[in-house]
Amino acid sequence: MTEDRNNLSCAEFQAQMPDLIGGGEKASEHPHVQNCELCRALLADLETIAEAARQLLPPVEPPDNLWKQIELAIKDEDVSLDQG
Amino acid sequence: MPDSSSPTQPSDPRSDRPRGVMPLQASISPPVPNSNDDDTLARAQGGDHQAFAQLYSVHKRRIYSLCLRMVGNTAEAEDLTQEAFLQLHRKIATFRGDSAFSTWLHRLAINVVLMHLRRKGLAVISLDEAMDPAPEEGPGRSFGSPDLNLTGAIDRLALERAVGELPAGYRLIFVLHDIEGYEHNEIASMLDCSIGNSKSQLHKARLKLRDALRASSGLETQK
């Protein structure tokens with residue numbers, strides 16, 4: 001399929017965004033983004049959300065006593081298996 | 001059973017992440033397992049409790065974080081993490097290395113989370129259904145005024161609330177990709193879906209989050 005990348009409508013460009021964002025090309029360098037303020041703003045928002053997720057929602061350490069609980073549960077299961 | 005009350009602390013798998021502005025396609029993958037990991041895994045499969053404790057130390061933060069982001073509640077997240085590692089203990093001997101161990105463990109944990117959501121009466125029954133939200137749940141075309149963007153307008157509580165309100169399938173992809181840093185090919189392997197499906201679901205999740213965050217920050221979305 002041939003498609004004029006310079007003459008995409010916003011709907012056509014946005015339909016391609018999932019692939020563009022994950023692809024090798026920088027979505028911000030796409031000709032449509034260069035010329036469309038609305039889609040440029042949309043892309044900026046999506047980048048902001050992804051970056052906010054990395055910055056604001058880091059991995060969380062479980063409480064120290066969780067391993068003890070898991071160990072006890074494993075022991076209980078092992079005892080049940082031995083008896084069963 | 002040998003004492004293993006103090007499994008050693010692993011390094012933060014995301015600690016190498018650069019903290020500057022990062023283009024969307026540059027997410028960071030989890031670390032590649034090395035031969036020590038393989039040895040630990042083999043010993044755990046053979047019933048070595050110390051090795052199992054080491055596996056817990058290596059993977060606990062990611063599994064707990066996944067559970068926490070999916071249910072938004074620390075008590076439930078602890079229960080689900082415990083259940084995931086109990087299931088791991090039961091099933092670890094069946095791991096054959098067809099995928100990375102981390103991928104296999106995440107898939108197991110995801111199933112534990114989805115079963116929990118089903119028991120709570122939420123409309124999630126299987127991975128397939130989680131990955132295929134009802135059409136009416138999909139976001140519409142979202143444009144927004146270019147002079148009212150989100151830059152600098154997102155705070156942690158608003159983001160946590162918005163993530164918590166996503167349909168489970170969208171939330172799962174967003175957590176795995178944008179929070180945990182998995183690549184689409186790894187997510188596709190975890191969820192038995194196509195890479196295209198993973199990309200599409202992530203994009204829809206981000207669009208829904210955008211709408212929610214704009215609404216919570218007082219920015220109107222023009223449609």
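**A crossing of two helices**

Begin with α2(B) and α4(B), which cross in a right-handed sense (right-handed if the near helix is turned clockwise from the far one by less than a right angle, left-handed if anticlockwise). Helices here are DSSP runs of H or I with at least four residues, strands are runs of E with at least two, and both are numbered from the N terminus. The model is predicted: local features need pLDDT of at least 70 and side-chain atom pairs count only at pLDDT 80 or more, while totals for chains, interfaces and linings use all residues. Residues are numbered from 1 along each chain as its sequence is written, and chains are lettered from A and ligands numbered from 1 in the order in which they are written.

Select residues 49-71 of chain B for α2(B) and residues 101-119 of chain B for α4(B); they pack at about 30°, with axes 10 Å apart. The axes are lines fitted to C-alpha atoms over the stretch in contact, and angles run from 0 to 180 degrees between N-to-C directions. The pair is therefore roughly parallel, the term for angles under 35 degrees.

Next, show the side chains of the contact (C-beta atoms, placed from the backbone, within 7 Å). On α2(B), they include B:His59, B:Ile63 and B:Met70; on α4(B), B:Leu105, B:Ala109 and B:His116 are among them. By class, the contact has eight nonpolar, four polar and no charged residues. Nonpolar covers Ala, Val, Leu, Ile, Met, Phe, Trp, Tyr, Cys and Pro; charged covers Asp, Glu, Lys and Arg; the others, Gly among them, are polar.

**An enclosed helix**

Select residues 184-191 of chain B, helix α8: six of its eight residues are buried, so the helix is largely enclosed by the rest of the structure. Buried requires 20 or more other C-beta atoms within 10 Å of the residue's own, exposed 12 or fewer, and partly exposed a count in between. B:Ile187 and B:Leu191 are among the buried residues. B:Asp192 follows α8(B) and has a positive phi, near 55°.

**Chain B and its confidence**

Of its 223 residues, 40% are buried.

Colour by pLDDT, the predictor's confidence in each residue, from 0 to 100. The mean for chain B is 78. Where pLDDT is low, the predicted coordinates should not be read in detail.

Notes
Angles under 35 degrees count as roughly parallel, over 145 as roughly antiparallel, 65 to 115 as roughly perpendicular and the rest as oblique. Two residues are in contact if their C-beta atoms, placed from the backbone, lie within 7 Å.
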